[in-house]
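I opened the notebook for a walk through one model.

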Amino acid sequence: MCVCVCKPAYDTSLTDAQWAVIEPLLPRRDPRRGGRPLKFPRRLVLDTILYVLGTGCAWRLVPHDLVPWDAAYRWFRAWTADGTWDRVHDTLRERVRIADGRDPQPSAAVLDSQSVRTSEGGESVGFDAGKRVRGRKRHLLVDTCGLVLRPATPS
């Protein structure tokens, strides 16, 4: 796979400009703490994670020119546990608001909901009579620009 020179290998791969913005937001490995050197470049790990999230494929179905699925999944879980994804999201949201000429921290929010059809049964399935949809309802807290403040919570 051609890294950083040609066009990205997949539609979900980061461009050089996107990587330049996201790289400083990812946690750095401290060599003084020990441990072995990284086996895969962090950009390729992130491209693998974005491939899975963007395509919706199973982790085990990741193409062979990306990072092995178990390594990418381990990084994804570690970054989820230590709050890296939340920090990246919040920082990018603040940058978008500043570029839009707004205060980085929103002063107002809107509760938005979405009805989603599901095929699974159980207690979590309901019926939205207004939209005539059988499934789940998920809620988001967004600012006035439509940027997510709190992730979806099923109800």
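Is Asp90 buried, partly exposed or exposed? I looked it up: Asp90 is partly exposed, at 30% relative accessibility.

**Ground rules.** I am working on a predicted model, where local features need pLDDT of at least 70, side-chain atom pairs count only at pLDDT 80 or more, and totals for chains, interfaces and linings use all residues. Residues are numbered from 1 along each chain as its sequence is written, and side-chain values use heavy atoms, with hydrogens and water left out.

**Salt bridges.** I counted a salt bridge when a side-chain nitrogen of Lys or Arg is within 4 Å of a carboxyl oxygen of Asp or Glu. The structure has 5 of them.

Asp90 pairs with Arg93, N to O at 3.2 Å. Both sit in helix H4, 3 residues apart, so about one helical turn separates them. Arg93 is buried, at 9% relative accessibility.

Next I checked Arg97 and Asp143. Their side chains meet in a salt bridge at 2.7 Å, N to O. This pair links distant parts of the chain, with Arg97 in helix H4 and Asp143 in strand S3 (residues 133-143), 46 residues apart. Arg97 is buried at 4%, and Asp143 is buried at 2%.

The last pair I noted is Arg28 with Glu23, closest N and O atoms 3.4 Å apart. Arg28 is exposed at 62%, while Glu23 is partly exposed at 28%.

How many disulfides does the count come to? I found 0, taking a disulfide as a pair of cysteine sulfur atoms within 2.5 Å. Cys57 is partly exposed at 21%. Cys145 is partly exposed too, at 31%.

Asp100 lies in the loop between helix H4 (84-99) and strand S1 (109-117). Asp100 is partly exposed, at 48%.

**Core.** I defined a nonpolar core as buried Ala, Val, Leu, Ile, Met, Phe, Trp, Tyr and Cys residues joined through side-chain atoms within 4.5 Å. The largest one has 20 residues, and Leu26, Leu46, Ile49, Trp59, Val67 and Trp79 touch the most other members. Helix H1 (16-22), helix H2 (42-55) and helix H3 (69-81) each give two or more residues to this core. H2 gives the most, with 6 residues.

**Pocket.** Which residues line the largest pocket? I listed Arg36, Pro37, Leu38, Lys39, Phe40, Ala71, Arg74, Trp75 and Ala78. A pocket is an open set of points on a 1 Å grid over the protein atoms alone, where a 1.4 Å probe fits, with protein on both sides within 12 Å along at least five of seven lines; lining residues have an atom within 4 Å of a point. The volume is about 270 Å³, meaning the space filled by probe spheres set on the points, which are joined across faces, edges and corners.

How values were computed: Buried means under 20% relative accessible area, exposed over 50%, partly exposed in between (1.4 Å probe, protein chains only). Helices (H or I, at least four residues) and strands (E, at least two) are DSSP runs, numbered from the N terminus.
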